[in-house]
Amino acid sequence: MVGTTVAAALFYLGWRRGVDTDSVVKRYRAYLKLERSLSDNTVEAYMRDLRVWLRYIGDVHIEPDEAQLPMFQDFLIELAEAGLGARSQARVMSGLKSFYKYLLYADIMQDDPTELLDMPKLPEHLPEVLSLDEIEGMEWQIDLSKQDGHRNLAIIETLYGSGLRVSELVGLKMSDIHADEGFMVITGKGNKQRLVPVSGESLEQIRLWLIDRNAYPVKPGCQDFLFLNQRGGQLSRVAVFNIIKDLAARAGIKKSVSPHTLRHSFATHLIEGGANLRAVQAMLGHADISTTEIYTHIDTTRLREEIINFHPRNLGSQSRRAEEEVED
C-alpha cells in the first residue's frame, strides 16, 4: 500500500465540488517546500504518507473533504495492526493533520476533521548519553598518522563541541567558520541559520585537518565544504555514521552510539553544568523549548541515580540488604 502512486490514488477521487485533487496535492507539495521550507526528504515523507491515506479512503469511495473523525481513528487502528510502531503512527497522523490544515489555509475546506484526533502515545525515550571519558576513549582509537585521522578527530570535536546535527556537519563550509570570533554559521532545519559557538579545541582540530585536506583531490563544487571523503567529494551522512559506530565499537562502548549521541551528550553535559535552557535551545536550533527540555529529564534521572547510590539513608539500606543476603 505504501508504494501506491498519487495517480493510482486519484483514480478513486473526484471531489463533487469540482476540486482537482491532483492540483491540490501538487500545490500542497509546493506549500511544504516553499512556505514551510521543509527539506526534500521531509516533503517526500509527507507525500508518501498522504498517498497511503488517499488510497485508503479511495478504496471506500470517500473524498478527502468527506472524511470524518471515525475514519481517521479506523485508519490509525489499521496502521497499528499492520505492525507500525507508535512513533511511525504519530508521524503519519502528523502528516495528515498538516494536509488538512493546508486545506483550511487554502479555503478548500471550512472544518478540520483531524482537530479532535488523539495522537498515538509515544513511549518515553531518553537518548543515550556518553560520558567525557567515553568520548575521549573514542578519540584515542583514531590513528592520526592516517590521511583521515585529523578529519575524524575534527568531526568528533565538532559534533560534541557544538552539538551539530549530522546533516549540519556534512553541510558545513569553511566560509561558515569565523575562527576569530569563535562562532560558526549553521544552516539547520528549514534552512534557518543560527550562530553556534565553536570551542578552541574544535578549532585546533579543524586547523590540523585543513592541513591534511590540502592533499585531497577536491571535486568541482566541493571546494568550500569542510569535510571531504577520500575522493574529494562532500562527506555523506552515512560515512559519518560509520566512522562514529566504528570508533565506539573499538573503544568498547556497549551503548547504541550514532552522531546524534554526541549531540545529546553536548546538550546534557551543558545542562548538568548549569547552562541556561534557552541558551542550549538556541545552540541546538530547537524551534520549541519543549524539545530541549528532554535534557533536563536526563539530568533529573541522573540526579536520582546519584541520590540512590550515595545518600546515607540509601547506603544504610543497601548495607542491610547485603548483610541479609550473606545471612541467607
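Which helix holds serine 162? Keep that in mind while you load the model, which is a predicted one.

**Whole protein**

Start with everything shown as cartoon. The protein has 15 helices and three strands. Now colour by burial. Of the 328 residues, 41% are buried. Switch to the surface. Then turn to contacts. Among those with a separation of 6 or more, 57% join residues 24 or more positions apart.

**Stop 1: serine 162**

Select residues 149-162. This is helix α7, and serine 162 belongs to it. Buried or exposed? Serine 162 is buried, because its relative accessibility is 0% and the cut-off for buried is under 20%. Next, show its surroundings. Leaving out residues up to four places away in sequence, serine 162 touches Glu157, Met184, Val196, Pro197, Val198, Phe266 and Met283.

**Stop 2: the annotated positions**

Go to lysine 189. Where does it sit? Lysine 189 is in the loop between β2 (183-187) and β3 (193-197). Its relative accessible area is 63%, so lysine 189 is exposed; the threshold for that class is over 50%. Which residues does lysine 189 contact, beyond its neighbours within four places in sequence? They are Arg165 and Glu168.

Move to histidine 260. Select residues 259-272 to see helix α11, which contains histidine 260. Histidine 260 counts as partly exposed because its relative accessibility is 35%, a value between the two cut-offs of 20% and 50%.

**Stop 3: tyrosine 102**

Select residues 86-105. They form helix α5, where tyrosine 102 is found. At 5% relative accessibility, tyrosine 102 is buried. Show what packs around the residue. Tyrosine 102 touches Val24, Arg27, Tyr28 and Tyr31, with residues up to four places away in sequence not counted.

How far apart are tyrosine 102 and aspartate 112 in space? The separation is 9.6 Å, for residues 10 apart in sequence.

**Last view**

Serine 162 is buried. Lysine 189 is exposed. Histidine 260 is partly exposed. Tyrosine 102 is buried.

Terms used:
Residues numbered from 1 in each chain as written. Predicted model: local features only at pLDDT ≥ 70, side-chain atom pairs only at ≥ 80, totals over all residues. Heavy atoms only, no water. Helix = DSSP H or I, 4+ residues; strand = E, 2+ residues; numbered from the N terminus. Buried < 20%, exposed > 50% of the residue type's maximum accessible area, 1.4 Å probe, protein only. Contact = heavy atoms within 4.5 Å.
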